[in-house]
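These are my notebook entries on one protein structure. I record below what I looked up, entry by entry.

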Amino acid sequence: MILSAKDNRRQKILKDGRVLQRLRKTGGMSKIYFVGGIAFLLMAALMVAMFAAVKAVKEALFFGGILGALGGVLVLSGILWQKRKAANYLLYYEKMTGFGEAEVKQVDREIMEPDMILIGNVPAFPILGTSKKKPMIGCMITKHYLVIPMIGGESYIRRISDMILCAYSEELPGIGGHKRGLVFLSKRENSAYYNGLLTKETCEEIIKNLKERKPKLITEPIFSYKGKEYVALRDGTEILRL
């Protein structure tokens, strides 16, 4: 679904700017540490309550103390890790994109422009409470850049002019079989990336809008050229040579 400039859902996503920084803070091991720490703190409280109920004070202090200390360390580690990711987000994107700091900031500015195409996505399976009222960011297409959030606080950011292929595929690698989603390839990489969280509708909207910006874009995951078949997920290096 495309979220227009007047859509409240879009306004909430872009409300404080610095979208790239927020995407960097999403998910990853830092969140796992934090959530795991909270779980240990809850277990510590439960353990103390159980032993206190039978008046086993020493045992309550011992086991509760161990679990509480471990939980506290994990929570603190998660918070500090998140802050570090937020503080170093520009360096991360410079490394991942090959852009300089000025260009990364330009991406952030273009994301806030009213002509930026924001495509919301609600996965077929529940994830982080997403819904039509609260979709996740499936893709952002600015005047010059393609931005696709990935898992673990990573994002795929490329110049539209460098994009070679963007296609819907029902044969993405998956546990116990294949997944459906988007395959994409630019001049920067030798092998294609893919995103299995995107629905078919979201993929089609991304392909359509990106094709309008880059008419020569390849939009099939498998295609033939001069009698030879090319598979995007397998033949990224050869496709680049074309």
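**Entry: a buried cysteine.** I began with cysteine 166, which counts as buried at 0% relative accessibility. I use "buried" for under 20% relative accessible area, "exposed" for over 50% and "partly exposed" for what lies in between, with a 1.4 Å probe and protein chains only. I then looked up cysteine 203, which is likewise buried, at 0% relative accessibility.

**Entry: source of the values.** I note that this is a predicted model, in which local features need pLDDT of at least 70 and side-chain atom pairs count only at pLDDT 80 or more, while totals for chains, interfaces and linings use all residues. Residues are numbered from 1 along each chain as its sequence is written, and side-chain values use heavy atoms, with hydrogens and water left out.

Entry: How many disulfides does a search of the whole structure find? I record zero. A disulfide is a covalent bond between the sulfur atoms of two cysteines. The criterion I applied is a pair of cysteine sulfur atoms within 2.5 Å. For cysteine 166, the closest cysteine sulfur belongs to cysteine 139, and at 7.4 Å this is too far for a bond. Cysteine 203 is also in no disulfide, since its nearest cysteine sulfur, that of cysteine 166, is 7.8 Å away.

**Entry: the whole protein.** I counted eight helices and 10 strands; these are DSSP runs numbered from the N terminus, helices being H or I of at least four residues and strands E of at least two. Of the 242 residues in the protein, 42% are buried. I also looked up contacts, meaning heavy atoms within 4.5 Å. Among contacts with a separation of 6 or more, 58% are between residues 24 or more positions apart. The accessible surface comes to about 14000 Å², and carbon and sulfur atoms hold 60% of this; the areas come from the Shrake-Rupley method with a 1.4 Å probe, and for residues only the protein chains shown count as cover.

**Entry: salt bridges.** The structure holds eight salt bridges, each being a side-chain nitrogen of Lys or Arg within 4 Å of a carboxyl oxygen of Asp or Glu. One of them joins arginine 159 and glutamate 103, at 2.9 Å from N to O. This pair links distant parts of the chain, with arginine 159 in strand S5 (residues 155-159) and glutamate 103 in helix H6 (residues 101-111), 56 residues apart. Arginine 159 is partly exposed at 31%, whereas glutamate 103 is buried at 19%. Arginine 159 also forms a salt bridge with aspartate 162, at 3.3 Å between the closest N and O atoms.

I next looked up glutamate 212 and lysine 208, whose side chains meet in a salt bridge at 3.1 Å. Both lie in helix H7 (residues 200-213), four residues apart, which means a separation of about one helical turn. Glutamate 212 is exposed at 54%, and lysine 208 is exposed at 51%.

**Entry: lysine 214.** Where does lysine 214 lie? I found lysine 214 in the loop between H7 and strand S9 (222-225). Lysine 214 is buried yet has no salt bridge, and the nearest side chain of opposite charge, aspartate 162, is 6.8 Å away; for charge, Lys and Arg count as positive and Asp and Glu as negative, with His and the chain ends not counted. The side chain of lysine 214 reaches the backbone oxygen of methionine 163 at 2.6 Å. Leaving out residues up to four places away in sequence, lysine 214 touches Ile160, Ser161, Asp162 and Met163.

Methods
Polar contact = N/O pair within 3.5 Å; in protein donor to acceptor, adjacent residues only side chain to side chain.
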